[in-house]
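Subject: Handover of a structure

Hello,

I am passing on the structure below, with notes on what was found in it. Please read the notes with the structure open.

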Amino acid sequence: MASTLIVPTLTTLFSLLLLTPQTQAQAPAPSPSGNLNLTGILDKAGQYNTLIRLLKDTQQLTQIQSQLKSNSQGATLFAPTDNAFQNLKPGAINDLTDEQKVQLILYHVAPKYYSLSDFLTVSNPVRTQASGSEGSWGLNFTGQGNQVNVSSGVVETPINNALRQQFPLAVYQVDKVLLPLELFGARSPSSAPSPKASKTTPEKPSTAKEGGASSPSDSQKDVNGAAGRNVGLGMVVGVGLICMGVLSS
Ligand SMILES: *[C@@H]1O[C@H](CO)[C@@H](O)[C@H](O)[C@H]1NC(C)=O
Ligand SMILES: *[C@@H]1O[C@H](CO)[C@@H](O)[C@H](O)[C@H]1NC(C)=O
Ligand SMILES: *[C@@H]1O[C@H](CO)[C@@H](O)[C@H](O)[C@H]1NC(C)=O
């Protein structure tokens, strides 16, 4: 009895071993992710013209698509509608520097595929493409039943509509632009290092970049503290940047 059971098992094992090289040989053929057309997905849905333009202007469209090919974890995009952009304060986007626009777009991309139900159990905050190693620029998810909200700390909005929910790419409609705490939490810093003032020398843009890179991590330490302290620190950083601007001009 025992040996008759073992023989077919060995045969199966053996044929599996024989099959394996074949399946491996087939694997390098372009996966569906290679053919993913993000513009197509957004275009078809019809109400994402501002987002498409921003994705193109910031070069992030190609960036996301090439990441989908190289990153085995997939990606999730939160897609604000045209209405969401229209409902922002006038100038909210135009007043951002090019670097901040890139950060804003990166903030809407998670470097991992999440299905809607994943958000119910995910541990907050969730990293975005804008997140540094210290975990700033995160998103928080709260769920009840099958309703999921996403929060940036500045805005909170439900996630209802999945434009696409299939590995490696998920695209969810959001009716509000996810304004990161690091850019919109305290209003003052955005007025500090004017990109126009940096025309004079090539050195100044890099100092401005350092300022921009260090302030998110500074305020990140504070994200764990009281919201009031966060605003306070943001203002101190903002005032500091303004002072630096005054001194250097
Ligand atoms: C992606 O979709 C857009 C809009 O539907 C189309 O214009 C474009 O040619 C497509 N790109 C590719 C690579 O298929
Ligand atoms: C989601 O946010 C809405 C307000 O936008 C709120 O009314 C609702 O209770 C929130 N739901 C969850 C699950 O947090
Ligand atoms: C996420 O939640 C944590 C813990 O409640 C909080 O400290 C943090 O400020 C929140 N971050 C955002 C982006 O909402």
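In what order do the strands of the open sheet of 4 strands stand? The order is 2-1-7-6, and the pairing is mixed.

Before the rest, some conventions. This is a predicted model, in which local features need pLDDT of at least 70 and side-chain atom pairs count only at pLDDT 80 or more, while totals for chains, interfaces and linings use all residues. Residues are numbered from 1 along each chain as its sequence is written, chains are lettered from A and ligands numbered from 1 in the order in which they are written, and side-chain values use heavy atoms, with hydrogens and water left out.

The sheets

Strands (E, at least two residues) and helices (H or I, at least four) are DSSP runs numbered from the N terminus, and two strands pair if DSSP finds at least two bridges between them. Strand 1 and strand 2 run antiparallel and are joined by 2 bridges. Leucine 77 has valine 109 in strand 2 as its bridge partner.

Strand 3 (residues 140–144) pairs with strand 4 in the antiparallel sense over 5 bridges, and asparagine 140 stands opposite serine 151 in strand 4. These two strands form a hairpin with 2 residues between them, and glycine 145 in the turn has a positive phi of about 60 degrees. Strand 4 is also joined to strand 5 (residues 156–159), by 4 antiparallel bridges. Here serine 151 has glutamate 156 as its bridge partner. The hairpin of strand 4 and strand 5 has 4 residues between the strands, and glycine 153 takes a positive phi near 95 degrees. Strand 4 (residues 147–151) is mostly covered, with 4 of its 5 residues buried (buried means under 20% relative accessible area, exposed over 50%, and partly exposed in between, with a 1.4 Å probe and protein chains only).

Aromatic pairs

There are 8 aromatic pairs in the structure (rings of Phe, Tyr and Trp, the last by its six-membered ring, pair if their centres lie within 6.5 Å; planes under 30 degrees apart count as stacked, over 60 as edge-to-face and the rest as tilted). Phenylalanine 78 and phenylalanine 119 have ring centres 5.9 Å apart and planes at 40 degrees, so this pair is tilted. Phenylalanine 78 is in strand 1 (residues 75–80) and phenylalanine 119 in helix 7 (residues 118–121), so the pair ties together parts 41 residues apart in sequence. Phenylalanine 78 is buried at 1% relative accessibility, and phenylalanine 119 is buried with a relative accessible area of 1%. One aromatic cluster is formed by Phe78, Tyr114, Phe119, Phe141 and Tyr172.

Helix 4

Which residues of helix 4 (residues 60–70) are buried? They include Gln60, Leu61, Ile64 and Leu68.

Regards
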